Amino acid sequence: MPGAAQLTSVVKMLADPTRRAVLERIAREGEIAATSLVKGSRVSQPAVSQHLRALRDAGLVMERREGRHIHYRVAPGGLDPLINWLGHYRTFWHQRFENLERLLKEDE
Amino acid sequence: MRETHSITVEKVLPYSAEKIWRTLTSCERIAKWLMPNDFAPAVGHRFNFRTSPMGDWDGVVHCEVLACNPPKLLRYSWKGGADSNPAYGSRLDTTVTWTLTPAEGGTHVRMVHDGFVLPGNKFAYDAMNPGWGRVLDSVARVTAEG
């Protein structure tokens, strides 16, 4: 489904093997702190943080803050952009709304 | 009557309704934030958005302006997809409505995309809702940081 691939940021997210491994680890653990994720992998802390941020922004993981720690779990329905129109357009409109804001800001 | 679902995105933006209206209704402006199009702000005008083809669907979204009341209300139909496609890329017969309302600090912008018929069951829809609430939060946060 090349059309779907081009249309979704989700596919872009999952194309990166390290990022996919991070997501799979979170899915396996249920919920896991960012610090534990770093300990159990050969990837550096800044790299893990970057992947977590990207996954969060794509709606694939959710975060929960507890003191100094941030815990991550898989967001229900995060993969829906690949599955149906409703999921696709949720992501689509949030992204386009951001574009709209950016364009209005540029005009100032 | 089939059960339908909608998507709502809304936010107060620090600009006048007139300025936002121009961005929502100028063909060139729409192309910059949404998609290539041949929109014109006149009720009854038929236009297209073009995106990537998907299975038996050519990637063309067929639209018609249903309401145009500057700078408050804009509504267009949004049709596309193909019957032969499963789930994503399947037949789509929906409506997009933009509402602009003066608000403290700017204009309240509300977009409702309505008329989705779900291929799956209702349980799946309900299960994903909390997740998407967080997406909106993160979108807002990222926007604020930018």
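Which strands of chain A form a hairpin, and which residue in the turn has a positive phi? I will come to that in a minute, after some conventions.

What we have is a predicted model, in which local features need pLDDT of at least 70, side-chain atom pairs count only at pLDDT 80 or more, and totals for chains, interfaces and linings use all residues. Residues are numbered from 1 along each chain as its sequence is written, while chains are lettered from A and ligands numbered from 1 in the order in which they are written.

Chain A, then. It has six helices and three strands; helices (H or I, at least four residues) and strands (E, at least two) are DSSP runs, numbered from the N terminus. Along the sequence the pattern reads α-α-α-β-α-α-β-β-α. Of its 108 residues, 36% are buried, where buried stands for 20 or more other C-beta atoms within 10 Å of the residue's own, exposed for 12 or fewer, and partly exposed for anything in between, with C-beta atoms placed from the backbone. A contact is a pair of residues whose C-beta atoms, placed from the backbone, lie within 7 Å. Taking contacts in chain A between residues at least 6 apart in sequence, 55% join residues at least 24 apart.

On confidence: pLDDT is the predictor's confidence in each residue, from 0 to 100. The average for chain A is 80, and 82% of the residues score at least 70.

The hairpin in chain A is formed by β2(A) and β3(A), with two residues between them, and the turn residue with the positive phi, about 60 degrees, is G67(A). For context, most residues other than glycine have a negative phi. Strands count as paired if DSSP finds at least two bridges between them. Strand β2 (residues 61-66) of chain A runs antiparallel to β3(A), and six bridges join them. Within that pairing, R65(A) is opposite I70(A). Strand β3 (residues 69-74) of chain A also pairs with β1(A), in the antiparallel sense, over two bridges. There, I32(A) has Y72(A) as its bridge partner.

One residue in helix α5 (residues 45-57) of chain A is A54(A). With 17 other C-beta atoms within 10 Å, A54(A) is partly exposed. It touches M13(A) and R19(A), not counting residues up to four places away in sequence. A54(A) and M13(A) are 41 residues apart in sequence but 7.5 Å apart in space, C-alpha to C-alpha.

Next, chain B. It has three helices and six strands, in the order β-α-α-β-β-β-β-β-α. Buried residues are 23% of its 146. Of the contacts in chain B between residues at least 6 apart in sequence, 43% join residues at least 24 apart.

The six strands make an open sheet, ordered β1-β6-β5-β4-β3-β2, with antiparallel pairing. At the edges are β1 (5-13) and β2 (46-50) of chain B, each with a single partner strand, so one side of each has no neighbour in the sheet. Twist from one strand to the next averages 20 degrees. Inside the sheet, β3 (residues 60-69) and β4 (residues 73-80) of chain B pair over five bridges, in the antiparallel sense, with H62(B) opposite K79(B). The loop between β3 and β4 of chain B contains P71(B). A cis peptide bond joins P70(B) to P71(B), with omega about -10 degrees.

Last, how the chains meet. Helix α6 (residues 85-106) of chain A lies across β1, β5 (92-103) and β6 (106-116) of chain B, at about 15 degrees to β1(B). Axes here are lines fitted to C-alpha atoms, for helices over the stretch in contact, and angles run from 0 to 180 degrees between N-to-C directions. Helix α1 (residues 17-25) of chain B lies across β1, β4, β5 and β6 of chain B, at about 160 degrees to β5(B).

How do α6(A) and α1(B) pack, at what angle and with their axes how far apart? The angle is about 120 degrees, and the axes are 11 Å apart. The two helices, α6(A) and α1(B), are therefore oblique to each other; under 35 degrees counts as roughly parallel, over 145 as roughly antiparallel, 65 to 115 as roughly perpendicular and the rest as oblique. In this pair, L100(A), L103(A) and L104(A) meet K19(B), I20(B) and T23(B).

Definitions and conventions: Contact = placed C-beta atoms within 7 Å.
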